Amino acid sequence: MATTTKTSSAKKPAAETAKTTTKAPAKTASKTPAPAATKAPAKSKAAAGSVDLSTKPTGKTGKMEDSEFHEFFVDELKDIYWAEKHLAKALPKFKKAATSPELAAAFEKHTEETKRHIETLDKVFELLEEKAQAKKCDAMEGLLEEADSIIEDTDSGTLVRDAGLILAAQKVEHYEIATYGTLRVFAENMGHTEVVELLSQTLEEEKATDVALTQIAEGFVNQQAASE
Ligand code: FE
Ligand code: FE
């Protein structure tokens, strides 16, 4: 989390500096952006002493395997790998618990997509020449526990149940969106072009799922839940 904030916030000033300095005299323009740009990616692991962090690696996957940033990246991939695997098991339960056929269909669709997200991560690990390994994701575990509580606390056959399921599922999707959004940027920073492409595809499906859930909620679920 801390790294995410650093990376994104570190980027802004760099871009702003670049903009400002274009207008400024040529002397400053050539000096300022260079160190700013080098600092941004290196900042997250400044103490790592790995000079390569600031340079785009060459070759298929790059040569950053020894850097702490690479290790952190792979660790986070293992975390979302665990999350996706557990979500794939939980979504059929969501589907079964849903009242409206629309919501059940959305969960069924996303179960298939989630299985693909797992396969996509398999490919990512392969491209990075890393072992595909799941590492317990506390966040997803908590979100799925919360979903279980919502199912327990609402009556089956009600639209309140669906409203609750949508709430739980959107929390999951937002978690995934945040994760894939950040991991994609990490992959970009490291020059893993193919990985960027794969993570982007998954990210788009997570975003589309979130939108679809909002449409179901706003379409009829919330209104009918309010009149139950
Ligand atoms: Fe997913
Ligand atoms: Fe998802």
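**Helix packing and nonpolar core in the predicted model**

Of the 228 residues in the protein, 31% are buried. The structure described here is a predicted model, in which the protein contains 8 helices and 0 strands, so that the order of elements read along the sequence is α-α-α-α-α-α-α-α. When contacts between residues at least 6 apart in sequence are considered, 67% of them join residues at least 24 apart.

Packed helices can be described in general terms by the angle between their axes together with the distance between those axes. For helix α5 (residues 101–127) and helix α8 (residues 193–226), the axes come within 10 Å and cross at roughly 170°, and α5 and α8 are therefore roughly antiparallel to each other. The crossing of these two helices, α5 and α8, is left-handed. On the α5 side, the contact is formed by E102, L103, A106, H110, E113, H117, T120, K123, V124 and L127, which meet E194, V195, L198, L199, Q201, T202, E205, T209, A212, L213 and I216 of α8. Sorted by class, the residues in the contact of α5 with α8 comprise 10 nonpolar, 6 polar and 5 charged.

A second pair is formed by α6 and α7, whose axes come within 9 Å and cross at roughly 175°; because of this angle, α6 is roughly antiparallel to α7. In this pair, A139, M140, L143, E146, A147 and I150 of α6 meet G164, L165, A168, K171, V172 and Y175 of α7, and the residues of the contact of α6 with α7 divide into 9 nonpolar, 1 polar and 2 charged.

Helix α6 also packs with α4, the axes of α4 and α6 coming within 10 Å and crossing at roughly 10°, which means that α4 runs roughly parallel to α6. Here W82, A83, H86, L87, A90, F94 and A97 of α4 meet M140, L144, A147 and I151 of α6. By class, the contact of α4 with α6 is made of 10 nonpolar residues and 1 polar residue, with no charged residue.

In soluble globular proteins, nonpolar side chains tend to be buried together. In the present model, the largest nonpolar core has 43 residues, and within this core the residues with the most contacts are F94, L165 and I166. At least two residues of the core are supplied by each of α4 (68–97), α5, α6 (138–153), α7 (159–190) and α8, with the largest share, 12 residues, coming from α7. For I166, when residues up to four places away in sequence are not counted, the residues touched are L103, L213, I216, A217 and V221. Among these, L103 of α5 and both L213 and I216 of α8 belong to the contact of α5 with α8.

E129, found in the loop between α5 and α6, has a phi near 55°, a positive value in a residue other than glycine. E129 is classed as exposed because 9 other C-beta atoms lie within 10 Å, and the cut-off for exposure is 12 or fewer.

Terms used: Residues are numbered from 1 along each chain as its sequence is written. Chains are lettered from A and ligands numbered from 1 in the order in which they are written. This is a predicted model: local features need pLDDT of at least 70, side-chain atom pairs count only at pLDDT 80 or more; totals for chains, interfaces and linings use all residues. Axes are lines fitted to C-alpha atoms, for helices over the stretch in contact, and angles run from 0 to 180 degrees between N-to-C directions. Helices (H or I, at least four residues) and strands (E, at least two) are DSSP runs, numbered from the N terminus. Angles under 35 degrees count as roughly parallel, over 145 as roughly antiparallel, 65 to 115 as roughly perpendicular and the rest as oblique. A crossing is left-handed if the near helix is turned anticlockwise from the far one by less than a right angle, and right-handed if clockwise. Two residues are in contact if their C-beta atoms, placed from the backbone, lie within 7 Å. Ala, Val, Leu, Ile, Met, Phe, Trp, Tyr, Cys and Pro count as nonpolar, Asp, Glu, Lys and Arg as charged, and the others, Gly among them, as polar. A nonpolar core is a set of buried Ala, Val, Leu, Ile, Met, Phe, Trp, Tyr and Cys residues joined through C-beta atoms within 7 Å. A residue is buried if 20 or more other C-beta atoms lie within 10 Å of its own, exposed if 12 or fewer, and partly exposed in between; C-beta atoms are placed from the backbone.
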